[in-house]
Amino acid sequence: MARRPLIAGNWKMNCLKADGLALARGLAARIGIEATRAADVVICPPAGLVESVARAVAGSVIGVGGQDCHTVPKGAHTGDISAAMLKDLGASHVIVGHSERRKAYGESDALIRAKAEAAHAAGLVSIICIGETEAERLDGRTLEVVGGQFAGVLPGDATPDNTVIAYEPVWAIGTGRTPTDEEVAEVHHEIRALAARHLGAEVAAKLRILYGGSMNAANARQLLALEDVDGGLIGGASLQLDGFWTIIESCA
Ligand code: PGA
């Protein structure tokens, strides 16, 4: 089953407007010129830049995503943004359950699942993050932890069109360390097996499972070539046009 790779850039809390727009425009120009369709490409700027970045890439094949959303469309939730609002600003995707949010805000699997379902209700594709900590890996609990998270976050309405899973070992995020190929392949295989159990083999075969955590221009081709790795969620390396472009081209 051929799954079209997805390369998603998570800018996190980086880029003032001028830098973000320059990055987005640079990417749109390259995709326009070279017509790269080896992968779907999504960039996820901070919420305040979603609208201007969406305008900057309009007409290109690049999608724009938020980095988080609330579980309800509107209401008394100071400081939050809803999926409907992201959609209204031009987003097509939203990351939910990133480990930085799990850690900083104590987000639970149940909350993340509700956010993903809110994203779908608003017409957004959810990119749902799961992954073990270093202590859990050293304890030999990686598959148990990732499996538990997968079951906990899986939206009730998940389809290959509205849901993307991102496996991000917490200890690999922003550290320059990545698991071995065997370790990545093992977890991705397990996630697909779990997806088959929950959603059926046919749906599971179409579900995109991204790898995230210190993916960069140098290691992307090898990681993206692994079976069951259907793209990447890229943080630091998505902030540099050349490096991010190299990762996109690594899908070809
Ligand atoms: P990184 O971040 O590529 O900087 O490790 C990935 C992520 O947090 O999504």
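In this predicted model, Asp109, Ala110, Ile112 and Arg113 of helix α5 meet Gly148, Gln149, Gly152 and Val153 of helix α7. Sorted by class, the residues of this contact are three nonpolar, three polar and two charged. Helix α5 spans residues 109–121, and helix α7 spans residues 142–153.

For α5 and α7, the angle is about 45° and the axes are 7 Å apart. An angle counts as roughly parallel under 35 degrees and as roughly perpendicular from 65 to 115, and α5 and α7 are therefore oblique to each other. The crossing in which α5 passes α7 is right-handed.

Helix α7 also has a contact with helix α8, which is made up of residues 181–199. Here the axes come within 10 Å and cross at roughly 40°, again in a right-handed crossing. From α7, the residues taking part are Thr142, Leu143, Val146, Gly147, Phe150 and Ala151. Their partners in α8 are Glu186, Val187, Glu190, Ile191, Leu194, Ala195 and His198. By class, the contact of α7 with α8 comprises eight nonpolar, three polar and two charged residues.

Glu168 places a polar side-chain atom 2.6 Å from an oxygen atom of the ligand. With Ser214 it is the backbone that takes part: one of its N or O atoms lies 2.7 Å from a ligand oxygen atom. Gly236 likewise uses its backbone, with a polar atom 2.8 Å from an oxygen atom of the ligand.

Methods: Residues numbered from 1 in each chain as written. Predicted model: local features only at pLDDT ≥ 70, side-chain atom pairs only at ≥ 80, totals over all residues. Heavy atoms only, no water. Axes fitted to C-alpha atoms, helices over the stretch in contact; angles between N-to-C directions. Helix = DSSP H or I, 4+ residues; strand = E, 2+ residues; numbered from the N terminus. Parallel < 35°, antiparallel > 145°, perpendicular 65-115°, else oblique. Left-handed = near helix turned anticlockwise from the far one by under 90°. Contact = heavy atoms within 4.5 Å. Nonpolar A, V, L, I, M, F, W, Y, C, P; charged D, E, K, R; others polar. Polar contact = N/O pair within 3.5 Å; in protein donor to acceptor, adjacent residues only side chain to side chain.
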